[in-house]
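Colleague: Could you walk me through this model? I would like to ask about it piece by piece.

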Amino acid sequence: MRMGISARTWMMMVDPKEPVFIYFLPLKMLIFMHGHFFSFNTLVLALGWFFFFLLEGTWVTASAHIITAVIGSGVLSLAWAIAQLGWVVGPAVLMAFSFITYFTSTLLADCYRAPDPVHGKRNYTYMDVVRAYLGGRKVQLCGLAQYANLVGVTIGYTITASISMVAVKRSNCFHKHGHHAKCQTSNNPFMVIFACIQIVLSQIPNFHNLSWLSILAAIMSFAYSSIGLGLSIAKVAGGEPVRTTLTGVTVGVDVSGSEKIWRTFQAIGDIAFAYAYSTVLVEIQDTIKSSPPENKSMKRATTLGVSTTTLFYVLCGLVGYAAFGNDAPGNFLTGFGFYEPFWLIDFANICIAIHLIGAYQVFAQPLFGFVEGWCARQWPDSKFITREHAVDIPCYGVYYLNLFRLVWRTAYVVVTAVVAMIFPFFNDFLGLIGAGSFWPLTVYFPIEMHIAQTNLPKYSFRWTWLKILSWVCLIVSLIAAAGSVQGLIQSLKTYKPFQTQE
């Protein structure tokens with residue numbers, strides 16, 4: 001049975017001559033180390049390890065990975081996105097993206113094995129899946145779309161995490177000096193702090209060792225989403241008058257006609273980004289045990305993950321719009337739609353930062369694995385690339401240090417941090433990432449692979465509506481990308497890199 005932990009970890013933990021049931025292994029180890037079973041601390045620690053190993057590699061941890069990947073910085077811009085679209089189109093677009101993401105994710109889950117979804121050969125990455133079903137140039141196109149998206153997401157998360165860290169400092173400044181004080185703070189030092197944390201965490205060997213980080217990050221995402229929702233409800237209950245409309249921001253009052261069009265396009269891109277996780281779906285599914293079948297567990301995880309995030313998105317987006325109206329900020333926790341209670345705002349922003357620390361790794365690990373695997377195949381005799389050095393770390397145990405992994409992953413984190421410092425535009429960047437990845441990775445490839453897997457007759461009813469869905473999503477992605485590019489151009493006209501912004 002394939003477990004949700006690495007083979008090396010299994011071999012280190014289990015004596016192959018002794019029939020040890022793995023779920024009780026942590027308990028056994030703790031009894032041995034402490035020497036007295038009935039110690040309260042020992043019992044608590046043992047139970048914690050027991051449940052961790054019991055859930056490892058199941059639909060529960062897969063759900064945590066999904067929620068970590070999906071409920072991210074996208075939720076913070078939904079009030080702004082609904083403000084651009086209004087009470088009618090806004091919720092409709094949210095639900096449409098939710099349904100499309102769920103439907104195509106179930107198609108992709110069935111393609112993890114080929115040709116049979118239960119007994120076929122495993123495919124460990126998105127590119128492997130596309131190679132198994134489609135082949136040809138589509139494999140290269142998939143790799144380009146997937147890994148470009150992963151790079152973009154990690155840059156976006158660096159931007160968002162630094163904004164949240166800055167918001168903590170500014171919140172305390174506003175509380176001390178008043179809401180009209182000029183509390184200018186540069187994002188750059190906080191991007192450096194975030195990058196330093198990621199350099200350390202990037203040395204986690206692979207996706208299979210990320211479950212604990214994803215569970216922590218998922219908890220953080222629920223925390224700050226709930227705080228934002230609660231503060232919005234309190235603001236609505238306070239009775240402060242705000243202006244909302246069925247069609248969103250009003251031409252001639254809030255924006256010009258051209259701004260309305262471009263912002264509408266950008267809002268669609270933001271919502272698309274809010275549901276982006278197809279880029280890492282196959283890698284998440286690869287962490288699931290083989291019994292019950294991975295596709296069934298993944299569909300269960302997808303149902304829980306997407307339905308949970310949709311509920312939060314609808315609540316945060318609609319209640320946020322009701323609270324702020326057409327003046328909703330681009331990020332409702334860091335754009336200072338709220339000032340008090342300042343300590344709660346601080347806590348929410350700390351939760352955002354912690355969540356994005358984990359989410360960065362969820363999106364970066366597939367890219368790390370791809371580059372390292374390719375280099376190992378190209379230069380199999382290079383000791384710098386393939387050799388691992390055993391390092392005994394106190395309170396951790398033996399860590400296998402690979403020099404290439406250390407240098408390459410550190411360099412990647414540094415480069416993404418520098419790019420984030422040059423282009424720190426939150427909403428425009430999110431919209432562009434969402435638009436660029438939504439159609440090819442969330443819609444086109446899953447549909448094409450499903451058609452190939454099931455041998456759907458050309459021009460049959462199901463084949464036709466799947467093709468129509470794909471083309472409609474392509475058009476939506478193009479207009480969303482256009483809106484985001486226009487927003488980036490406008491931002492660049494007045495932006496000076498590496499300088500403190502208002």
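Colleague: Thanks! How many helices and strands does the protein chain have?

Modeller: Helices (H or I, at least four residues) and strands (E, at least two) are DSSP runs, numbered from the N terminus. On that basis the protein chain has 17 helices and 4 strands.

Colleague: How many contacts does the stretch of residues 1-55 have beyond near neighbours in sequence?

Modeller: Contact means heavy atoms within 4.5 Å. Where pLDDT is low, the predicted coordinates should not be read in detail. The pLDDT is below 50 over residues 1-55, and the number of such contacts in the model is 63.

Colleague: What share of the residues in the protein chain is buried?

Modeller: Buried means under 20% relative accessible area, exposed over 50%, and partly exposed in between (1.4 Å probe, protein chains only). Of the 502 residues in the protein chain, the buried share is 54%.

Colleague: Is Leu-474 buried or exposed?

Modeller: Leu-474 lies in helix H17 (residues 461-494). Ala-435 is 39 residues away from Leu-474 in sequence, and their C-alpha atoms are 9.2 Å apart. Because its relative accessible area is 17%, Leu-474 is buried.

Colleague: Which elements give two or more residues to the nonpolar patch?

Modeller: Like charges are joined within 9 Å, and nonpolar side chains (Val, Leu, Ile, Met, Phe, Trp, Tyr) within 5 Å. Here Trp-212, Leu-216, Ile-350 and Ile-354 make a nonpolar surface patch of about 340 Å². The elements asked for are helix H9 (211-237) and helix H13 (342-378).

Colleague: What is the bridge partner of Ile-393 in E4?

Modeller: Two strands pair if DSSP finds at least two bridges between them. Strand E3 (residues 388-393) and strand E4 (residues 397-402) run antiparallel, joined by 6 bridges. They form a hairpin with 3 residues between them, and Cys-395 in the turn has a positive phi of about 70 degrees. In E4, Ile-393 is partnered by Gly-397.

Colleague: Which residue is joined to Pro-115 by a cis peptide bond?

Modeller: Pro-115 sits in the loop between strand E1 (113-114) and strand E2 (121-122). With omega at about 0 degrees, the cis bond links Pro-115 to Ala-114.

Colleague: One last point: what is the phi of Asn-455?

Modeller: Asn-455 is placed in the loop between helix H16 (426-454) and H17. Its relative accessible area is 63%, so Asn-455 is exposed. Tyr-459 lies in the loop between H16 and H17 as well, with a positive phi near 70 degrees. Although Asn-455 is not a glycine, its phi is positive, at about 55 degrees.

Note on methods:
Residues are numbered from 1 along each chain as its sequence is written. This is a predicted model: local features need pLDDT of at least 70, side-chain atom pairs count only at pLDDT 80 or more; totals for chains, interfaces and linings use all residues. Side-chain values use heavy atoms; hydrogens and water are left out. Patches are made of residues with over 30% relative accessible area and no salt bridge: like charges are joined within 9 Å, nonpolar side chains (Val, Leu, Ile, Met, Phe, Trp, Tyr) within 5 Å. Accessible areas come from the Shrake-Rupley method with a 1.4 Å probe; for residues, only the protein chains shown count as cover. A salt bridge is a side-chain nitrogen of Lys or Arg within 4 Å of a carboxyl oxygen of Asp or Glu. pLDDT is the predictor's confidence in each residue, from 0 to 100.
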